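Please read them with the structure open.

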Amino acid sequence: MKTFFASRMERCIGCQSCSLACARLVHKRLSWHTAGIRIGSSGGISTGFEARVCLACDPPPCAAACPTGSLSPRKEDGGVKQDRKLCIRCGKCVAACPVNAIVVDELNNPYMCLHCGRCVPYCPHDCLELAVKGQANFVQEVAE
Amino acid sequence: MIRNDFRILLVDLTIRKAHIVDLPGRETYIGGSGLAAMLFEKYGDPGAGWSDPKQPLIFAIGPLTGYFPLMSKTVCGFLSPYHGQYAESHAGGRSALALRFADMDALVITGKASVPCVLSVGSRHMDIKDAPFLWGKDVFTTGKMLRHMLPGSGHRSILRIGPAGENGSAYACINVDTYRHFGRLGSGSVMGAKNLKAIAIVGDASFPLPEGKAYAKCFHEIYDQVTETTMMSKYHDLGTAGNVAALDALKSLPWRNLQATSDPGRIEGISGERFAKDMLLRNAACSGCPVGCIHIGYLREKFMADNRYLYRQVAYDYEPIFSLGSMLGFGDGFKVLGLMDAVEREGLDCMSGGVALAWATEALEKGLITEAETLTPLAFGEPEGYKAAIRHLGAATNEFYRLLAQGTLVAAKRYKGEDFACVLGQEMAGYATGETFFVSEALSFRHSHLDSSAYSADQKAQDKDAAKIVAGFVKDEASRCVLTSMVGCLFARGVFTEERMKDALNSLGYQGVAANLSQAGEAIQKLRWRLRMRTGLNPMAAKIPKRYAEVVTWKGPIDTVYMEQLRQAYAARLLELGREEGLE
Ligand code: SF4
Ligand code: SF4
Ligand code: SF4
């Protein structure tokens with residue numbers, strides 16, 4: 001199964017097109033925050049940007065912590081599927097994620113990356129990719 | 001959120017309270033420029049001075065902010081310490097999206113805090129923190145401290161001032177998220193006068209998308225046009241710095257206080273190509289803009305023997321390369337970056353700062369002032385003296401720097417030398433392109449090269465028909481008023497045609513605004529001029545200093561007779577535009 005990677009964040013310009021796209025296309029929201037990928041400056045803007053995004057743990061501790069089965073492991077390669085109808089907004093997944101990849105909105109609804117790849121084409125600097133695990137970031141583009 | 005009324009957060013620093021007001025007027029005032037003017041009319045006092053605590057400091061976004069790419073700017077409205085009149089300044093960074101996601105169409109700040117403070121606002125909080133320990137700190141130190149003091153990293157915007165804003169400089173800027181600025185006409189000092197060192201806007205809300213397919217369709221058309229066509233590539237590639245060599249080749253780049261308009265021996269060292277090749281470290285973008293026009297250069301400085309170095313990152317653009325580069329006689333981009341860094345630290349507007357020092361250098365050469373005034377040697381092409389002078393300018397160290405920080409013409413009046421003050425309403429932008437631009441900048445609303453396309457008109461052969469040119473200025477301004485009310489980046493004006501803006505508005509459910517666009521543009525334009533005139537503008541009195549009559553461009557010498565005709569025609573037209581309604 002393909003997995004989403006923020007592989008080339010050294011190239012990031014902080015435009016947040018990816019977060020806006022994920023919120024818009026996956027979660028049907030206008031937001032730069034309640035999205036699978038979130039961009040922040042790494043220790044002050046002058047040192048560049050970093051992405052907060054799911055690392056596709058295998059097995060995923062967030063799914064293990066979820067008491068209702070709203071989050072369940074993907075078939076293979078780690079990460080989770082989400083069934084929003086089952087979510088009781090308890091926040092246990094948020095606490096279980098070791099890398100703070102899950103964010104909640106004001107109603108405590110959790111948002112995390114579902115590895116769909118829809119944000120990828122919105123990145124103007126090709127920082128993001130959907131790839132088979134172990135093969136991400138092996139294509140280094142050469143500038144003309 | 002999509003709503004017809006404007007939702008305004010009104011903060012009174014004196015009593016440390018805020019409240020939300022909902023105001024009608026969307027169809028006439030749209031947002032951004034229009035909303036800022038509407039709010040100034042409501043909350044400002046045209047009879048009181050710029051530093052009066054009751055005057056509002058306004059930050060406004062528009063109906064398209066955050067919903068479409070390049071709708072990434074915030075309009076700041078305030079009473080300017082530069083000319084005492086209503087003024088507008090624009091900036092991007094994260095400010096616009098932060099306001100959107102803090103769920104306000106505008107933030108209006110009135111009053112004055114009893115001690116220096118930091119204001120933090122979001123969709124669910126309003127907090128005023130005392131911060132006397134930040135007073136006197138430069139922009140960089142302030143930024144570092146604020147990052148630890150404030151919530152919401154990555155999804156907030158931080159607006160801050162440096163010493164210049166604390167000391168009442170007429171051209172102190174507001175630094176936005178390190179690399180962008182509300183640069184011109186002194187908004188930084190308005191913050192200073194309110195004892196407001198910094199503002200954090202935390203964008204912590206999210207909203208449902210509009211119903212139906214129209215929004216997604218319109219978004220994609222715009223996104224594709226922005227990213228897949230060459231329309232925006234000049235901003236992406238070399239950035240605005242790409243114009244430096246082009247303007248020099250056209251004999252239109254001001255050098256050494258506009259004593260020349262081209263310098264073949266030095267241009268190569270400060271061209272956009274040279275910056276990209278040797279100094280460009282990386283790019284950055286305003287939130288919501290995939291173009292990423294921000295170019296960040298790399299400054300490496302030896303600070304001690306034994307190869308001890310430090311490095312800094314400095315954003316460059318056409319304007320600072322002109323004002324701190326060619327205008328000060330530099331042919332070495334690294335030295336120019338050093339001055340940009342110094343100006344940034346003080347929280348000064350780079351254009352006014354550079355042009356003011358260019359005047360001071362010539363005044364010193366001519367013996368009108370001495371080192372007793374400048375406290376340091378100033379000579380074109382010598383960076384160390386300028387670095388010291390920039391610190392003095394920020395600190396307003398002595399009488400000379402205090403006056404110079406009030407505007408080049410203020411110092412020029414006192415020490416003589418008005419003839420060679422490069423001031424067109426404010427310290428000039430970097431386009432010595434000809435009569436049309438000089439008149440446009442001297443008289444236009446923001447005294448900005450972005451008020452009209454005059455500088456590109458000058459670059460083509462044109463017939464000298466003052467009435468026609470003035471009609472063009474006025475029409476151009478009205479249409480830009482629409483875009484800066486949305487609030488779109490002016491670099492995107494090719495993408496956001498009127499039709500496209502209408503589609504975008506309709507897709508969000510703003511049918512009323514879409515149907516009234518051109519009328520709204522004209523109404524906003526008139527309101528802005530009325531506000532300027534109520535606060536003291538007399539366009540007939542606008543002067544173009546003698547230096548401009550001596551300029552030689554690719555077209556040859558300036559036609560002073562035509563320039564004067566154009567000046568009078570434009571001023572007369574502005575008087576009509578700013579006439580109070582009902583007084584025909
Ligand atoms: S959301 Fe966090 S815990 Fe769950 S799979 Fe992703 S990284 Fe692991
Ligand atoms: S891969 Fe899909 S779910 Fe993950 S951040 Fe991108 S759009 Fe969102
Ligand atoms: S779209 Fe790409 S460049 Fe923009 S913020 Fe996301 S990762 Fe960075």
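1. Basis. This is a predicted model, in which local features need pLDDT of at least 70 and side-chain atom pairs count only at pLDDT 80 or more, while totals for chains, interfaces and linings use all residues. Residues are numbered from 1 along each chain as its sequence is written, chains are lettered from A and ligands numbered from 1 in the order in which they are written, and side-chain values use heavy atoms, with hydrogens and water left out.

2. The loop between β4 and α2 of chain A. Pro59(A) sits in this loop, between β4 (49-52) and α2 (61-65). Helices (H or I, at least four residues) and strands (E, at least two) are DSSP runs, numbered from the N terminus. The peptide bond from Asp58(A) to Pro59(A) is cis, with omega near 5°. Ala56(A) belongs to the loop between β4 and α2 as well. Ala56(A) is not a glycine, yet its phi is positive, about 60°. Ala56(A) is buried, at 2% relative accessible area (buried means under 20%, with a 1.4 Å probe and protein chains only).

3. Chain B backbone. Check the bond from Met486(B) to Val487(B): the model has it cis, with omega near 0°. Val487(B) lies in the loop between α21 (466-483) and α22 (498-507). Asn195(B) has a positive phi, near 60°. Its loop runs between α6 (187-193) and β12 (196-202). Asn195(B) is buried, at 13% relative accessibility.

4. Ligand 2. Which residues are around ligand 2? Among them are Cys22(A), Cys113(A), Cys116(A) and Cys119(A), where near means a heavy atom within 4 Å. His115(A) and Arg118(A) are also in the list. The shell divides into eight nonpolar, three polar and one charged residue. Ala, Val, Leu, Ile, Met, Phe, Trp, Tyr, Cys and Pro count as nonpolar, Asp, Glu, Lys and Arg as charged, and the others, Gly among them, as polar.

5. Interface between chain B and chain A. In all, 38 residues of chain B contact 30 of chain A (heavy atoms within 4.5 Å). About 2800 Å² is buried, with 57% from carbon and sulfur atoms. Buried area is the accessible area (1.4 Å probe) lost by two parts on being put together, summed over both. On the chain B side, His155(B), Ser206(B) and Leu209(B) lose the most area, together 22% of what that side buries.

Key. Buried means under 20% relative accessible area, exposed over 50%, partly exposed in between (1.4 Å probe, protein chains only).
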